[in-house]
Amino acid sequence: RNLQLLHDMVREKKLAVQETSDTLSACRLRSKMLAKQLDHVDMEIEREEEAGNVAAVSRLQTISSRMCMELEREKELELRLALTLKQNLVELWQIETEQGKYDILREQLQKDEEELQMQYQEERKVRIWKEKITALQAEGTRRTREKREEEAQRECEERNKKLLEDAKRNHEKAVCFLRQSMARIHEKNAKEEVKAQEHMERRIQAVLSLKTSITSNRERLQTLQILNKAKVLEAKKEETKMREAILAEGGNAIREIFHHKRRQEHEKKKEAFRELQKSRKMEIVSRLLQERASFHKQRKSQCPTKAIKARGKLEGPSLQLREAWQSEESCKHADGETSQLYLQTLCSFTKGMALSISLPQDVLWESGDEDTERDKTLLVPEFPGLWSREYDLHEVPKAEDPARLAIRAMRKQMAEKKMEGLQTGILHKQSVPSQEHKSCAFHSKPSCIHFKDFDVGQIYKKKIVLTNASYSVNYCRLVGISECLKDFISVHFDPPGKMFSGMSCEFLVTFKPMVNKELEGAVMFMAQTGSFSVPLKCTVKTCILALDKELIDFGRLVVGETISRPISLTNSGALGTRFK
């Protein structure tokens, strides 16, 4: 590379020397020509001076002065070119001397290049030989590939032939199945068409019947309207007759007519109420019949098994079967009598209660006979074995069943123990057969009582709901509030008593702030499973400033471009503030 650079520099310097020499020779020629022209102008000036032509003399003098200036410029240029030529020659000689130093290297380089060319030729021969070998191998692989492709094509043709034969067989089977399914579909469509025709005929008949009913209803409405008009006219006539008769007797016609209308309205209400009572009776009877049927099924399924278990100790299978049959019959008999008696008593009770509440006194007297007849049916014994002795029906029993008395006493003792445990602080675990309740027995909604952004002197109230989250009945009472809150917080809580699982109660918290200071505490309660508390917070107004961006990214820009990005500063607090 250095030798090539020196060679290029020599060539460039030679070109520069040649150009400067050419320009120097041209400059010398121009200076010679200018000198000749100047001599010629001087001769003409002398001639014109002798002739006395002043204008020509002045013109020629200006020409000569201009030519003198050009001649001086050419001489200066000639001197500069001569200097540059000398410098270029000196540099050329220096470069040639420098180039002469590297003659041995140039010869070595030429030898190396020749050796490299020989090496390239040998490598080319080796590469050609390898390429021939690879070409032969590629030809062999091509031939083997062609053979494999021919074999694969034969196999594919055979497979296609088999597939075509299978497709033909499957097509024949599919055509057969399709014909069968189409036949079934046609039959189904025919049946549906027949059903649709029948349905359309029924609809047409229904429409015709509806049309006839509409026409008949129109006729009835017209007749009813005519009858109503006639009744109205008759009522007006009777009213006028009554008014005339009352006026003839000297009484108050308006008051009498008003009382008459009130009596008529009262009669209408009585009739409507009777109809309503009848419909309600029918509903109650239908429900009771359904209950009786379900109860009868249960008794049917239970009575035989109970009878067989109770009589299992009896000897002989025939005796056990007889006892089971007798118990089933007695169950059926008792079930029928109890359900019938229940129907009769419920109907009489509902009718008596409804009539005593809604109807006037005269209706009560009318229904008294029916009630006395129905009360007689209550004297029928429910179970014949229990009514074998005669007792006074109106006699009040002096003593109750001892088992009931014992159960009642036990319940009372358990309730007293629970109340004592609540008062003394003795706690009990709430558990079900599979697990034990370990968390807080009551959940509050909201979970934290928070009075936020309050103003001094105002009154704030919040209603909190407590829910029994334990697995059984629980009790709850208010213990108190934290010491720091007693001057500002008051709690109104009515103890609800016994609370089943899932039931809830409410309490009211009133906050009256006197100082602008944050407060924190709790409202404390006592339950059967232990004490619990609802946290309470009172926070003053604050300013909460926040930016909507954490990083301002302008992206890629062009030089000289101006891009702006807006930033939002938000105060989410309740207190205003200044910012900079």
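Author: E157 sits in helix α3, which runs over residues 103–249. Helices here are DSSP runs of H or I with at least four residues, strands are runs of E with at least two, and both are numbered from the N terminus. Bear in mind that this is a predicted model: local features need pLDDT of at least 70, side-chain atom pairs count only at pLDDT 80 or more, and totals for chains, interfaces and linings use all residues. Numbering starts from 1 along each chain as its sequence is written, and side-chain values use heavy atoms, with hydrogens and water left out.

Back to E157: its relative accessible area is 45%, so it is partly exposed (buried is under 20%, exposed is over 50%, and partly exposed is in between, with a 1.4 Å probe and protein chains only). Together with E149, E150, E151, E155 and E158, E157 makes up a negative surface patch. A patch takes residues with over 30% relative accessible area and no salt bridge, joining like charges within 9 Å and nonpolar side chains (Val, Leu, Ile, Met, Phe, Trp, Tyr) within 5 Å. Asp and Glu count as negative, Lys and Arg as positive, while His and the chain ends are not counted. The charge is placed at NZ of Lys, CZ of Arg, CG of Asp or CD of Glu.

Helix α3 also has charges that do pair up. R143 and E139 both lie in this helix, four residues apart, or about one turn. Their side chains meet in a salt bridge at 3.7 Å, N to O, the term meaning a side-chain nitrogen of Lys or Arg within 4 Å of a carboxyl oxygen of Asp or Glu. R143 counts as exposed because its relative accessibility is 52%, whereas E139, at 28%, is partly exposed. Salt bridges with shared partners join E139, R142, R143 and E146 into one network.

Across the whole structure there are 14 salt bridges. One of them pairs K13 with E91, whose closest N and O atoms are 2.2 Å apart. That pair links distant parts of the chain, with K13 in helix α1 (residues 2–51) and E91 in helix α2, 78 residues apart. Both ends are partly exposed: K13 has a relative accessible area of 23%, and E91 comes in at 30%. R28 and E78 form another salt bridge, at 3.0 Å from N to O. Here R28 is in helix α1 and E78 in helix α2, so the pair ties together parts 50 residues apart in sequence. R28 is partly exposed too, at 41%.

Q61 is also in helix α2, which covers residues 54–101. Its C-alpha atom is 8.1 Å from that of V41, 20 residues away along the chain.

Now for the nonpolar spot. L545, L547, I552, F554, L557, I567, L569 and F579 form a nonpolar surface patch with about 760 Å² of accessible area together, areas being from the Shrake-Rupley method with a 1.4 Å probe and, for residues, only the protein chains shown as cover. L557 is in the loop between β9 (545–547) and β10 (569–571), and is partly exposed at 47% relative accessibility. An unreviewed UniProt entry annotates residues 545–580 as "domain: CFAP74 second Ig-like"; such annotations may be inferred rather than shown by experiment, with positions given in the numbering used here and feature names shortened. Over residues 545–580 the chain is 0% helix and 17% strand, with end C-alpha atoms 12 Å apart.
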